[in-house]
Amino acid sequence: MAVMEATLPRRLISTPVAGPLAALVLAAVFFGLNSGQFFTGSNFSLIIQQVMVVGTLAIGQTLIILTAGIDLSNGAIMAFGGIVMTKLAVDSGLPPVLALVAGLAVCSGFGLVNGLLVTRISLPPFIVTLGMLNVVFALTHIYSDEQTITELPALLTFLGETFQVGQTNVTYGSLLTILLFLVFAYLLGSTAWGRHVYALGNSPEVARLTGIRTNRLTVGVYTLAGFVYGIAALLLVSRTGVGDPQAGQTDNLDSITAVVLGGTSLFGGRGLVIGTLVGALIVGVFRNGLQLMGVPSIYQTLITGILVILAVAVDQLSRRRNR
Amino acid sequence: MAVMEATLPRRLISTPVAGPLAALVLAAVFFGLNSGQFFTGSNFSLIIQQVMVVGTLAIGQTLIILTAGIDLSNGAIMAFGGIVMTKLAVDSGLPPVLALVAGLAVCSGFGLVNGLLVTRISLPPFIVTLGMLNVVFALTHIYSDEQTITELPALLTFLGETFQVGQTNVTYGSLLTILLFLVFAYLLGSTAWGRHVYALGNSPEVARLTGIRTNRLTVGVYTLAGFVYGIAALLLVSRTGVGDPQAGQTDNLDSITAVVLGGTSLFGGRGLVIGTLVGALIVGVFRNGLQLMGVPSIYQTLITGILVILAVAVDQLSRRRNR
Amino acid sequence: MTAEEPQTPAPQPGVARTPVLQARGLVKKYGHVTALDGADFDLMPGEVLAVIGDNGAGKTSLIKALTGAVQPDSGEILLDGRPVRFRDPLDARKHGIETVYQDLAVAASLDIATNMFLGREVRKPGVLGSVFRMLDKKHMREESARHMAALKIGLRSLTQPVESLSGGQRQGVAVARAVAWATHVVVMDEPTAALGVKESGQVLDMIKRVRDRGTPVVLISHNMPHVFEIADRIHVQRLGRRVAEIAPGDHSMAEVVAIMTGALQVSDGKAVVADQGAAEAIGLS
Amino acid sequence: MTAEEPQTPAPQPGVARTPVLQARGLVKKYGHVTALDGADFDLMPGEVLAVIGDNGAGKTSLIKALTGAVQPDSGEILLDGRPVRFRDPLDARKHGIETVYQDLAVAASLDIATNMFLGREVRKPGVLGSVFRMLDKKHMREESARHMAALKIGLRSLTQPVESLSGGQRQGVAVARAVAWATHVVVMDEPTAALGVKESGQVLDMIKRVRDRGTPVVLISHNMPHVFEIADRIHVQRLGRRVAEIAPGDHSMAEVVAIMTGALQVSDGKAVVADQGAAEAIGLS
Amino acid sequence: GGSGGSGQSASTPKVGLITKTETNPFFVKMKEGAQKSAQANGMELMSAAGKFDGDNAAQITAIENMVAAGVKGILITPSDTKAIIPAIKKARDAGVLVIALDTPTEPQDATDALFATDNLKAGELIGQYAKAAMAGKPAKIATLDLAPGITVGQLRHDGFLKGYGIQEGDPSIVCSQDTRGDQAKGQTAMENCLQKAPDINVVYTINEPAALGAYTALKAKGRDKDVLIVSVDGGCTGTKAVQSGQIAATSQQYPLKMAEDGVKAVAAFAKNGQKASGYTDTGVTLISDKSVTGVEAKDTAFGLANCWG
Ligand SMILES: Nc1ncnc2c1ncn2[C@@H]1O[C@H](COP(=O)(O)OP(=O)(O)OP(=O)(O)O)[C@@H](O)[C@H]1O
Ligand SMILES: Nc1ncnc2c1ncn2[C@@H]1O[C@H](COP(=O)(O)OP(=O)(O)OP(=O)(O)O)[C@@H](O)[C@H]1O
Ligand SMILES: [Mg+2]
Ligand SMILES: [Mg+2]
């Protein structure tokens, strides 16, 4: 009596990106109708440039949220990484490659420490990363001596350069960001590691009982997230052309917002990293579109608030229909 | 064979406050040894005054987190409530009592809207309250026209007045805050409503199956939390003596921190509101003690980060011993 | 026979009585999975009705629809002959229908007494209770201890959160709760699945006592000896619908199992071979 | 007799063989609840060993300690006569010990195939697998379908997340997984609790097949007919320790139940009345 | 609350410095100046800051804690010029000298003294400069502002408009965005402004990080040569950017001097009870290498010699 249907190509995780995508399209159509400059290649390229830093941070955030954690320290880690790369290359005269590697290593290191605190002492991720946020923030300002670092070597700004696609200038950084999303979509969706991350987020106890080394996996996820923050640091540095100790202060909440807008559950185990890309784009489109429409900034805040709620409401309602 | 032990007076919820309390005492001892001004009645009174606003916000936050929600809008709601109370009383010339009632009603109203969005459209609390944060923040600035409101009627500043206990001046506001904590400890621990809140946080589905009207309960919790934010607004206004549109911008994270430091789980269903009081005091003691010791402010941030992690580590380790 | 007009042997001969709880043509779809496919249901006063069927036959879906836990896509439910609509489990409970759900529905971090009284807490007498709404914890703890003792579920501590109980202990809590509160109908979805021999026996006794006090019981079970020991009638569920209603006395256990798996069909109260191969495979002819 | 030196009837007469899995004096306390109180355990090669006992007797705790899911406070575990320490379930699994846990241990939001292969995913052949570590989803899905079909668990869709399966279907997934992977020992904690008659039968057949391929099976069950049908020996757990090891042939079902509840004790392979009142209450004398 | 600390054992008198934020280089420099001056005057410096610009509650808490620690005087850059007054009053009632740095309270006499730059004037200077530099060409102006409701931002913005001779809402203002004074946010805002109005030719920025962000955005569009950026602050990074022509002109302020003077005043008060009073303008200088007629400016050599940060 096993009524097995022909194995349809259904998705691994039952959280579709359809909802967030619908919200994104609706938003784009809305702004397209209200602003003549919105639907242009250069504007789209701009939006991607504007969300690439938060988007990349949000990749790491997605990993951590999938394990039922949360990371408040990612913006701070990125800022520190940016300072390390630029200061070592400019002030300490290290070869740019080494400076870059050092920056990536430092970011991974902070991720590692986060992971160890979460697993070894079983501290809640919220607290660990909140503490880390303060610590790294302070270290950034102490180490940088509040100096913005300028005149960077080409290696550190290369990702800000553009190439032509038709009429439109696209930065290498945008490309790298998209690539990263695809890589992580692949890792999460098509490798054993990805499935373990989902299982861990579903229930650490179940994951442990099925023979997953949950502590090692968790530490790995946090470290990898740290590494991704390092890449975000490079993207930031390339985009702004400076090492800025003030950077990233609101990026922790912004990256969580992108993840949640993308349909990933804050309780772990459910969600897709591609949703996060959509979520980041939703925020970018809102900001860009409202500014193009010339809405005064306090009203931008007001409308963004409403739109964020609406975007997820669209998602929810589309799911209800699907039932 | 039922080996029922004599019903020991054990706690309803198996999350003890012992850990956070130990952390608080350790911190106090440390600062007492390092600063001559720490262990004085007036300093303790000061610390309570300094945490009463965030502490009160954290009561509402505790309610919401117990239901497995989260509230990012509480600081903004409080700021708006403060502006409403003061502006109506000062600019619109309403009788102070009516202004106060209006402020409380507005705060409760925002809580109600949060609750309705969470239940009616099943939106994640993170998104609802993030959107609400933006909306209310904008409304505050639009309604206040960026003006700080001064020269308040006595009713709105009464809670900032002090009375003498021995050598020490204590504000009525501090007293009210403590009282609120006791009331909510009672409500959560000794009434049916409290048990339903815990059950809801454990699992909405289970709560529903056992016949709890989960939607109504959730809306009630958010509305009540909004009302508590209204009281926080009054405390804020009394403490600062003005209506300030810039207030409360970091209080959402601060209140969550107090809740988590107090041992409540962000996943809902586990925790005690008295723990939140301890959590708020821990933060207050850190800040006060470090400033008394004359630590430069950037190092205060650094050390606070480390201490927050340590405080929860103490809690965790004390629990391990108890096993 | 068809599922729409099932053959109902009268277990209580004589007057035709109104079923206490009745359903007609319930349909429930989850996405592209059809859990209920036009299911009917009849519970007569004072009887123990066993609901049996393969895994995934839709038994849980049926009783969830009957008790307000899910909303059927179509079909109607009648209580004492009057159409009702339970918007949520509380509606059903207000009509005196108590349910032990298969996944138990206990709040993990709360203790036994709290779970037993969840949703109908007892307040202290006097002002403490009426004005201050203070719970009478002691009373609730004692009552719970009494109920658990009646089931002879071994417990080493009454104040543990239920998440730290053994599987059977947890089930005991759910059963004790339903039995304690039911006034009209008790529905139990595999209440003895995790219970020991002795504890299962207690639950069966309990069911008999509930029936004897006049409250009908719906019992979902995979345990045929239990079903035959206790059921007055058997509702056989298959592929989302009721395929037979039989009296245990009229059929052997092997026949009932064969009906359940589709090897036999019931026609005019007699079992006839529907699937020759399947019937032979299980040793019937 | 004492629990420390239990009476072991030799089910396989002849040579004394080393037990495959053995435990001595396991103790496990949760706060002030003692779940294991010096429990012993012996699993002989190629046998089906049933573990029975009241709810809360410590059966689950025992097998959790044996399979690395919890760390006992004291006592030792021997695998093939050599002391071992399983720091986590993976350690045990690396020794070929597979377990079906009572609470099933399936990842709710993942589908059946993913759950079946969790922790030992199959990669695509060639570079795709070795370098890009790409999973062979098709292969895993087909394999899972085969395993589920072997258990004859009815499924309407293979790609549902397991949280939307019926109780019995979910249990089927856990059982199929353990059976598919075990090379040394299979431990099953109430594997048929939620299963239908037909599905239970399949699981029992499966257990026999596993034993016939030489892998010993530990089966926790409250279902005495099942136990008597399949077990070579029975381990009786009571109040956190083993109180008897018996062969099903030597005792009646009623006697075994009496031993389990403490009414009878086993002495030199014979059951003697320990608790007169209790024994009479259940109709033994 | 009582001050309680005046008779403590530690003999070095204490002075407190409360800034708006702890990371803005402007305030960091201010703290450095205060630190040096404190050492020179034999005092101990305590410092505290808000978490964000506008964080009144943290400043109140800091005042209370400093009074409890027994400071002689408090130097404060008020985040909220009105809301801080009750707390300042309490401190003064407890016998503490309170001096406002950089930003006046409202009313100004709520503090004993004020050492500050005139932010309105700072805005006016660059407004005048921009007007003159445009030399009658039609302007398309973008303003990259601070954040809603923060006084400094409002004053500089208003000053700029006044200097340029236009009103709020003038059609030549084609884009206004908040940047929180952040470089990355400044860049994003400028990008969007350019998308909206590609012919922008004058950019007012709240501070130099925002200006540099705007410059990066303009450069990506190849507009860096023909758009005029003006800013306020006079930090060293910003002054260098003026030197290299990225920013046309900036209004330089002197946080070090404010802090030095402030600490000196507190030291004098600690020694002989002499209270500073009134408003001391610590000055603002327009820095630019491209002089325009009718507006007085110093060159970047002067700017770099006097810059902070
Ligand atoms: N929430 C759900 N989402 C999707 N499918 C579901 C859901 N609940 C049940 N189903 C499907 O509906 C069918 C009937 O399930 P149901 O739980 O009613 O079976 P059952 O007869 O109770 O089985 P069991 O004896 O195993 O408990 C199954 O195929 C199941 O997979
Ligand atoms: N995590 C835990 N915390 C506290 N007590 C526990 C925990 N796990 C088990 N116990 C207690 O230990 C005792 C033994 O439990 P165990 O689950 O081993 O029983 P069992 O024999 O498997 O029972 P069942 O047949 O009901 O599954 C029970 O009294 C139970 O309440
Ligand atoms: Mg079922
Ligand atoms: Mg068990």
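Trainee: Which residue is the bridge partner of Ile18(E) in β3(E)?

Mentor: The partner is Ile76(E). This is a predicted model, in which local features need pLDDT of at least 70 and side-chain atom pairs count only at pLDDT 80 or more, whereas totals for chains, interfaces and linings use all residues. Residues are numbered from 1 along each chain as its sequence is written, chains are lettered from A in the order in which they are written, and side-chain values use heavy atoms, without hydrogens and water.

Trainee: What makes β1 and β3 of chain E a pair?

Mentor: Pairing requires that DSSP find at least two bridges between two strands, a strand being a DSSP run of E of at least two residues. Strands β1 (residues 14–21) and β3 (residues 73–76) of chain E have four bridges, in the parallel sense, and therefore they pair.

Trainee: Why are β2 and β11 of chain E called edge strands?

Mentor: The open sheet of six strands runs β2-β1-β3-β4-β5-β11 in chain E. Strands β2 (44–50) and β11 (278–281) of chain E each pair on one side only.

Trainee: How many salt bridges does the rule find across the interface of chain A and chain B?

Mentor: A salt bridge needs a side-chain nitrogen of Lys or Arg within 4 Å of a carboxyl oxygen of Asp or Glu. The rule finds zero between chain A and chain B.

Trainee: What is the buried area between chain A and chain B?

Mentor: Buried area is the accessible area (1.4 Å probe) that two parts lose on being put together, summed over both. For chain A and chain B this is about 3,500 Å², 83% of it on carbon and sulfur atoms. In chain A, Phe126(A), Ile127(A) and Ile309(A) lose the most area to chain B, together 16% of what that side buries.
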